[in-house]
Amino acid sequence: MAEVKLINIEKEYEVGVKAVTNLNLSIKDKEFVVLVGPSGCGKSTTLRMIAGLEEISSGELYIDEKEVSQLHPKLREIAMVFQNYALYPHMTVYDNMAFGLKIKHVKKEEIKERVMAAAKILELEKLLTKRPGEMSGGQRQRVAIGRAIVRKPKVFLFDEPLSNLDAKLRGQMRTEIAKLHKSLKTTIIYVTHDQVEAMTLGDRIAVLNKGKLEQYDTPMNLYNHPTNKFVAGFIGTPPMNFVEGKIAKEDDNLFFVEDHKKLNFEINTSSVLLKYENKKVILGFRAEAVGIQKFSKVSSFKGKIESLEILGAEQYLTVSGLDNLIISKVSADKMYQLNDTITLNINLDKIYFFDKKTEKCIH
Ligand code: ADP
C-alpha cells in the first residue's frame, strides 16, 4: 500500500509569492500519476515537497494515512530519479546501485541480490563494472532508475527523467518506464513539461498552471472533456484551435456568430448555452475536427494555406481566413501547395465552447 495525499499544500519561496497554491491531490496505491504543465508552474516544487527536499509552507502530506509533512526525507520511504541522473562518477554501475543500501548497513548478500534483480529488470547486467562516463545517456538513466528500485521504496518520484535524452531514446525509455511500472506495481509520481509523455504514461494526469491545479483526470478525459481553455490548449498536439465570437438567439434558435461573422452556425439549444445569449464565448475545435472531408454537421470557411507539415499518412495545414490561424489535420493522399485557397469544414459534433471571461468549458 502506498497512497499519497496532498491536502491544501502551498509553497511560498518569498513572502506573498506562491509557487504552489492550495493543491489537493489524491494518488492511489500503484497509480502512475503525472504532474504536467509549462515551465515554472510548480511541478518540481510539488515533487520536491513530497520527497521532503523542500519544506511545505502550509498544508498536509500523507503517505499511507501517515502525516509526513515534517518527516525527514530518509524516513519517507521514497526514491527520486533526477533529470541529471545524479550518479557518482567514480563508482561502477554496481556500486552506484548498491551505495544507498550499503550506508543503510544492509547485508552484503542481500545488496547483491537486490542489485542483480534490478540489473536484470533494466538489462544492465553486462554494464555492472562500467563507470557512468563510459555509458550513454539512456544507460545512465537506467542506472539512476536501478538505484531507486533497489531501495524498494513505497513511492517513486521522477523529475523530468527523459528530458536530457534525444527524441528516439526518449520514446524507448518511455516504453521501458511504462513496463517497469507494470512489473514493480508501485506508486509513481512523475513530472514532465511534455504533454505527450504525460498522455502516454499517466493513469491520471494533474495539469498545473501558475501553481494551481487546472484538472486532474485520465488522459482521455483531459483530451475529450477539458474543464477549461488552458487544459484544452495544453493537452493534444497540435493545440486546440480557438475562435472568438458570441452566442446569438434568433426566434427560438441559438447560433454561434464569430466576431467578424466569418462563421455563423446553429447550435443545440442547451439550457447551459441559453444563459450565454449575447455573451462572448470562445469556440474550440481540434485539428482533426476541421478538414476537407464532409462531416454530418458542419460549418465551413474559406482560407489560404500558410504552411504545410507532412507527417507521412497525414499532414497539418495551417490556414488563415479566420482571426486566428487554424490548424487542420488531413490525409496526405491529396497534395496541397502553399497559398492554395481551400474550404475547410468544422465538425460541429466535435466543438467546445468556453466562457470568454472565466475560460471555463461551458459545453
Ligand atoms: P516547474 O518545475 O513547473 O518548472 P518550479 O516548481 O521549478 O516549476 O518553480 C515554480 C515557481 O517557483 C517558479 O516561479 C520558480 O521561479 C519558483 N522557484 C522555484 N524554486 C525556487 C527557489 N529555490 N527560490 C525561489 N523561487 C523558486
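Predicted model: local features only at pLDDT ≥ 70, side-chain atom pairs only at ≥ 80, totals over all residues.
Local features were taken at pLDDT of at least 70 and side-chain atom pairs at pLDDT 80 or more, whereas totals for chains, interfaces and linings use all residues. Residues are numbered from 1 along each chain as its sequence is written, and side-chain values use heavy atoms, with hydrogens and water left out.

The secondary structure comprises nine helices and 20 strands (DSSP runs numbered from the N terminus: H or I of at least four residues for helices, E of at least two for strands). The C-alpha trace spans about 80 × 45 × 35 Å along its principal axes. Of the 363 residues, 48% are buried (under 20% relative accessible area, with a 1.4 Å probe and protein chains only).

Helix 4 (residues 137-150) packs with helix 5 (residues 167-184) at an angle of about 20°, the axes lying 11 Å apart (axes are lines fitted to C-alpha atoms over the stretch in contact, and angles run from 0 to 180 degrees between N-to-C directions). The two helices are therefore roughly parallel (angles under 35 degrees). Their contact (heavy atoms within 4.5 Å) involves Gly138, Gln141, Arg142, Ile145 and Ile149 of helix 4, together with Leu169, Met173, Glu176, Ile177, Leu180 and Leu184 of helix 5.

An open antiparallel sheet is formed by five strands in the order 15-19-16-17-18 (strands pair if DSSP finds at least two bridges between them). Strand 15 (290-291) and strand 18 (326-331) are at the edges with a single partner strand each, so one side of each has no neighbour in the sheet. Strand 17 (residues 314-320) pairs with strand 18 over six antiparallel bridges; threonine 318 has isoleucine 327 of strand 18 as its bridge partner.

Methods:
Parallel < 35°, antiparallel > 145°, perpendicular 65-115°, else oblique. Buried < 20%, exposed > 50% of the residue type's maximum accessible area, 1.4 Å probe, protein only.
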